[in-house]
Amino acid sequence: MNRLAIRNLVQSKRVVLISVGGVTLALLLMLTLDAIFTGVERQITAYVDFSGADIWVSQESVRNLHMTTSSLPAGVAERVGEVGGVAEAVPILYLSNMIVTGEDRHLAYVIGLPPDASMGGPWRLAEGRPLSGSGQAIIDRSVAEGSGTSVGDEVEILGRALEVVGLAEGTASLVNSVAFIAAEDFAQLRGGGEAVSFVLVRVAVGAETASEVAARIETEVEGVTALPRAEFAAEERRVVRDMSTDVVTIMNLVGFLIGLAVMALSVYVATLSRRSEFGVLKALGAKTSDLNRVVILQSLLSVGIGFVLAAALTFALSMIIPSLSANLTLRLSAASLLKVAAASVVIAGAAALMPVRQIARLDPAMVFRGK
Amino acid sequence: MSLAFHNLLKERLRFVLSIAGVALAVMLILILKAFLAGMNRQITSYLDHAPGSFVVAQQGVGNLLGATSILPLGAQASVEAEPGVTEAVPILSQFLILEFHEKKQPVYLVGYLPESGGGPWRITEGRAPDADDEVVFDQVLARRHDIALGDHLEILGDDFTVVGLSEGTTSWMTSFVFLRLSAAERLLRAPGLRSFLLVSVEEGTPLEPIRARLSGLPGMDALLLEEMKANDLRLFARIFSAPLRLMVGIAFLIGVMVVGMVIYTATVERQREYGVLKAVGAPNHVLYQVVGVQALLASASGALLGVLLAYAAGQLIMAVRPQFLLSVEASDILRAVGLGIVMALIAALVPARLLARLEPAAVFRR
C-alpha cells in the first residue's frame, strides 16, 4: 500500500508539482515571515552584541536602546568606574536622528563617542579610519552606497555638516543604521547639559560574573539600571517580539489556512483521479482502512516534500535577499521550523479527511459498471 | 461557455476548494494592503489633528515619528518674532518603551502645554493633565493593559496618575501618551528642550515666504504639515515595503498554483472530449477559450470571495485586537481582482499547451 501511495503521487507529475508547489508556497509564507522578524531581532541587537561591553548601564528602569531614551547625570561614569569588579567604564551619548545626504534623509541611531573609546564604536570598518576628533562621522556602508557618499564627503548629522572618515559594516537594519560622531560634537549639537545616555562597562578579568558586577553597580550607584550585555540584548529582542506577536499570529493563521486549502484540494484531486483504481482495490478485497492509509500517506508525503522545499527556499532567500535589499535580513530559526513542521502535520491530516470520506463511500461495484 | 461551466461544476467540491484557495490568497494580499493603509492613517493621525500650518523641527529632521528633534534654545521666541506668525506651540516628544504585564510597549510620549494645544484631540474619559504627575493614555492601550482612570504608573522611574483617556491615538506599533511639557522636561532630564513647534500663521498669509524665513533661522527647518506627514509615510513605507512585496508575491504564486491545478486536472480528465472536439473540426482557439473561461470563472469567484473574506477578517481582527486598523481601500480591491485575472491567465497556460499538442486521432486509437 505504501508503494501505491508513492505511485499515485508520481504518476501525474504536473499535479504533484502543482500541489507540492502550492503547499510549499503556503509553508514558505509562514517561514519567511518568521525569518523576517528573527532577522530584524538579530539586526537590532547587533550594536549591543558588538559593543564590546560586558554590562550596559542606563537611566533607572530603562532597559532598551531602541525606541527609547536614557539620560544619566554627568559624572556617573566615574562613579560606575569606582565600583568593584569594573575594569573600565565608557560613557556614550545616544539619540535617534537623521543622516542627511543631499536631498536624502536616513534614519540613524547617532552615537557620541569620547576620544579613544575602547567600547561602543564601529566593530568593522569597510573603509576609512576611526574617529580622531571633532567634525568627523562614521556612517554605515550601505547608507553611503545608497546615497553615493564616499569617505571624505560631508553629511549632515544633528543639523551639522560632518566629514565622513569611515564606513562601518553591519550597522544597518531594516529600520535604520548607526552613525558615530565625537561626543564633543554630540553634546554641543544636542545642548541640554552634560548628561550622558549609557555607560558601557568592561568587567575586570578574573572578577565576578557580569551579573554580579551589574547587581553591585545598581546597589552602589543611585538611579541606574545595569544589565549584562546578553540580558540587555534579550530585552531588545523582546521589543520586536512583543510588537510583532499579533502580526505574526495573524499571518501564520492565513498561511496555515492557505496551506490547508491547497493541500486539501490536491489530495482530493489526486484521489478523485484514482477513484476507479481505488474501486478495483476495494472490489479485490482491500479494506477501507488500507485505502485510507494510502491517502494519508500521500498527503503526508506531499506536505513533507513541501516542508523540506519551503525550508530550503527560505534558506535560499535568506542568502539572496540581503544582496538585493541591503537591509532586509532573513534568519531561519529552529523554533520556527518546529512550529511550521507541526502545522504541516496538521495540514496533511486535515487535508486527507475529505478523500477518506470519499473512499468510505466508494462502491466497489462501480468499476464493473464502468464509472 | 457552457462546456467550461460543465467541466468546472462536474466536481463541485474541487471547484469549491479551488475558489477557497484563490479566495485565501486574494484575502491575504488584501489584508496586507489593508494593514498598510490602516497603518498609514494611524501614522499621520497626530499631524492630522495638530494645530497650525507648519512644523518647525531641528535642521535636517523631516519626520515627526522616527528621529528625535532637538530645537536650539530660544527657538520658540525666534519663530514667534517672525512677521505673519501668530503662534508657535511647543512640544517635547520622545519614543519610550514601557513595560506592562511583562510585555514591552513602545509609546510616543508628548509633552505639551494644555492651554496652547498639541495634546490629545479627543479625550473620551477624564481630563487633560493639570499637574506634572498626571498623564493621558491612549484608550486602546489602557484597555489592553487594564489601566483605568486614577491608576498609578511608573514612567522612567517617576510616578504618574492616569487622569484621561484619549481616542484615535494608537497604532499596532505604538500608542501616544500625553503629559505636561514641564513634566516631560523633568522626565527626560532636559530642561528647556523643545522637539517641535506647531506654527500658526495669520489667515491669508502666503505660506512659502514664511517657510523660507523660518527655515533660514539657525538650526531649524520648517515643513508644511502635509510635507511632514508625507515624510513619515515614506519612512514607514520604506521599512515595510520589502517584506510586504515578498509576502504579496508568494500569495500571488499560490493563487496561480491553485487555479492552475484545478484547470489542469479538469482538462486532463476531459482530454478525450477535447480530442473529439478537435477531430470534428473545432479550432485550437475555441478550446483555449474553454480553458480560459474555466480559469477566469475560478479566479473571479475566488477573488470576489477573497474580497468579502478580507473585509470580514479585517473586522474580526479589529474587534479582537483594537490596536490594528485595517482599511480595505477600493483601489486595492480593484488591484486584487485584477491580480485574480492575471492568476487565471497564467494558470491557463499549461492546460492550453496540453490542448495544443493534443492529436485528434488519439481519441480514436484508444
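1. Let's start with Met67(A): this residue is buried, with 21 other C-beta atoms within 10 Å. The cut-off for calling a residue buried is 20 or more, so Met67(A) qualifies. Bear in mind throughout that this is a predicted model.

2. Where does Met67(A) lie? You'll find Met67(A) in the loop between strand S1 (55-59) and helix H4 (76-81) of chain A. Its backbone deserves a look too: Met67(A) is not a glycine, yet its phi is positive, about 55°. For context, most residues other than glycine have a negative phi.

3. Chain B has a case of its own to check. Arg189(B), also a residue other than glycine, has a positive phi near 50°. Look for Arg189(B) in the loop between helix H6 (181-187) and strand S9 (196-201) of chain B. Is Arg189(B) buried or partly exposed? Arg189(B) counts as partly exposed, because it has 17 C-beta neighbours inside 10 Å, and a buried residue would need 20 or more.

4. Now the contact between the chains: 58 residues of chain A are in contact with 57 residues of chain B. On the chain A side, the elements that give two or more residues are helix H2 (13-44), strand S2 (86-101), strand S3 (104-113) and helix H8 (229-273). H8(A) gives the most, with 19 residues.

5. As for the make-up of that side of chain A, the residues touching chain B divide into 32 nonpolar, 18 polar and eight charged.

Notes: Residues are numbered from 1 along each chain as its sequence is written. Chains are lettered from A and ligands numbered from 1 in the order in which they are written. This is a predicted model: local features need pLDDT of at least 70, side-chain atom pairs count only at pLDDT 80 or more; totals for chains, interfaces and linings use all residues. Two residues are in contact if their C-beta atoms, placed from the backbone, lie within 7 Å. Helices (H or I, at least four residues) and strands (E, at least two) are DSSP runs, numbered from the N terminus. Ala, Val, Leu, Ile, Met, Phe, Trp, Tyr, Cys and Pro count as nonpolar, Asp, Glu, Lys and Arg as charged, and the others, Gly among them, as polar. A residue is buried if 20 or more other C-beta atoms lie within 10 Å of its own, exposed if 12 or fewer, and partly exposed in between; C-beta atoms are placed from the backbone.
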